[in-house]
Amino acid sequence: MNNAHELPLYHHIINGDIVKPNSGHYIDVHCPATGNLIAKTADGDATDVDLAVNAASRALKSTEWLNISVTARSKLLYQIGNTVLANAQELSILEVQASGGTIKRVMGLDILAIADLFFTLAESIKSYPFIENLPPKILPEQVHTMVVKEPVGVCGIITAWNFPLLLLSWKIAPALAAGNTVVVKASELTPTSTFRLIELINQFLPAGVLNLVSGTGINVGDALVKHPKVNKISFTGSTQTGRNIQVAAAATLKRVTLELGGKGAAIVMPDANIDLVAHGALFGIMMNSGQACESASRLIVHVDIHDELIAKMKTLAEKIVVGNPLDPATGMGPIVSEQQFNRIEAYLRSAQEQGAHIITGGKRKIVAGFENGYFLEPTILSNCQNDMKHACEEIFGPVVSIIKFTELDEAINIANDSIYGLSAGIWTEDVVAAQAIARQLEAGSVWINDWHMMRTDAPFGGMKQSGYGREMSHNSLNSYTELKSISTAFERDPRKKSTYHLVHTF
């Protein structure tokens with residue numbers, strides 16, 4: 001990076017070195033709260049990707065990384081977790097300035113969750129079955145077989161802009177824990193905190209183990225997915241991009257993990273505590289200005305409590321402090337970019353055209369001192385039907401669509417009537433009955449009387465077109481390893497084996 005008085009330039013990190021982009025070009029990075037230009041990031045291309053992948057490929061085979069023990073990797077993960085905590089303020093400010101996420105959330109939740117994930121995996125790999133000895137079997141012959149879980153190889157990591165540090169950690173933590181090498185493609189909208197975290201982590205790693213290439217999906221992401229030396233792709237982002245990645249990865253039969261879009265449905269039962277639901281439902285959708293794939297964007301409410309719940313939610317939504325994300329008093333920051341802001345507005349117009357009612361919000365919020373920021377009022381839509389465009393598609397903004405139901409089966413059908421299957425939930429006083437309902441909901445995560453409840457020791461991921469594969473917990477290690485069986489014969493003389501006599505002709 002440049003001197004403090006100059007606009008920061010973020011380059012690539014390849015083989016442990018800061019590397020300028022092959023093109024010589026950079027992409028503007030703007031602060032969504034002000035609209036101001038805050039940095040420039042490298043506009044990478046296939047040449048840069050090739051350099052990074054080759055560095056990762058060499059590092060994968062180097063004795064310094066290849067022969068590292070599980071104990072040493074565990075200590076390394078602990079070091080990384082502690083480094084995240086030690087640099088929490090710097091990392092948080094970089095992320096807030098570029099993404100618009102609130103400082104209260106990034107420092108109070110994300111940083112702690114990131115460190116906890118590294119600590120969790122540091123413990124998990126101590127007992128993870130990297131080597132499993134199978135018991136001897138008499139038939140067909142007596143052999144000793146060892147099942148080994150080895151690194152899958154060079155992993156291409158493509159992260160999204162909404163939770164830059166968190167999503168990065170979900171991917172690189174298990175990749176490194178399993179002994180892989182990595183090439184990261186950060187979002188060009190929010191690259192700053194990613195660059196800094198990778199820079200910090202690299203002080204503990206052999207050169208080439210962890211690399212970063214900045215740039216667009218068209219130039220960098222596509223080259224990474226198609227590179228023949230990349231063994232696995234892990235992607236978080238839109239469902240359409242996930243489809244494209246799956247098609248492109250098929251040419252080289254890459255392993256793929258996809259965490260894609262969502263249209264989280266929360267069923268509000270008639271016995272639910274309306275005050276608690278009003279707070280919880282707004283938390284489910286308004287956190288990070290609704291820019292979370294597992295947000296509770298559909299609220300399926302029983303007719304008996306529908307009107308009362310909407311009234312309470314309206315009152316609370318209008319109290320949410322929208323403004324400067326660096327102010328600890330702020331509850332909701334800006335939308336990440338003008339393009340995304342305009343996209344949300346288009347959905348709101350469509351909702352009204354199809355008959356939905358705006359109960360509150362729906363307009364641009366002018367914040368004093370941040371007049372050029374992309375702020376949107378917390379928005380509640382009623383009179384929604386599940387087949388309306390805004391209720392079917394992922395808006396990715398602070399907009400909740402409220403749908404009525406009368407019978408439980410109807411509510412479950414509405415919740416499941418979606419191409420997505422990332423998150424779902426139930427609000428009720430009967431948590432025993434809720435367990436049975438949860439089993440009927442087609443989603444990778446189901447929350448009862450809560451939302452956004454993610455544990456680092458529990459798997460997270462989607463069903464249907466929300467993707468496949470799981471992140472976090474020891475389960476995440478499975479997609480970063482390859483299985484190998486190694487068998488050793490007890491009887492060395494093949495002539496004494498029964499199977500030998502089935503085929504020999506001499």
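Start with Arg73. Arg73 lies over the face of Phe130, 5.2 Å from the ring centre. There is another case of this kind at Arg364. The charged end of Arg364 sits over the ring of Phe341, and the distance to the ring centre is 4.9 Å. Keep in mind that this is a predicted model.

Now, rings against rings. How many aromatic pairs does the count come to? Six. Take one of them, Tyr10 with Phe195. Their ring centres are 5.2 Å apart and their planes stand at 80°, so this pair is edge-to-face; over 60 degrees is what that takes. Look at where the partners sit. Tyr10 belongs to strand 1, residues 9-10, and Phe195 to helix 7, residues 192-201. That is 185 residues apart, so to speak two distant parts of the chain, linked by this pair. Are these two residues buried or exposed? Tyr10 is buried, at 4% relative accessibility. Phe195 is buried too, at 2%.

On to the core. The largest nonpolar core has 62 residues. Ile172, Val182, Val184, Leu205 and Leu210 touch the most other members. Several elements give two or more residues to this core, among them helix 3 (70-86), helix 5 (103-127), strand 9 (181-185) and helix 7. Which element gives the largest share? Helix 6, with ten residues.

Last stop, Ile172. Leaving aside residues up to four places away in sequence, Ile172 touches Phe118, Val182, Val184, Ile201 and Leu210.

Key. Residues numbered from 1 in each chain as written. Predicted model: local features only at pLDDT ≥ 70, side-chain atom pairs only at ≥ 80, totals over all residues. Heavy atoms only, no water. Phe/Tyr/Trp six-rings, centres within 6.5 Å; stacked < 30°, edge-to-face > 60°. Helix = DSSP H or I, 4+ residues; strand = E, 2+ residues; numbered from the N terminus. Buried < 20%, exposed > 50% of the residue type's maximum accessible area, 1.4 Å probe, protein only. Lys NZ or Arg CZ within 6 Å of the ring centre and 35° of its normal. Core = buried A, V, L, I, M, F, W, Y, C linked by side-chain atoms within 4.5 Å. Contact = heavy atoms within 4.5 Å.
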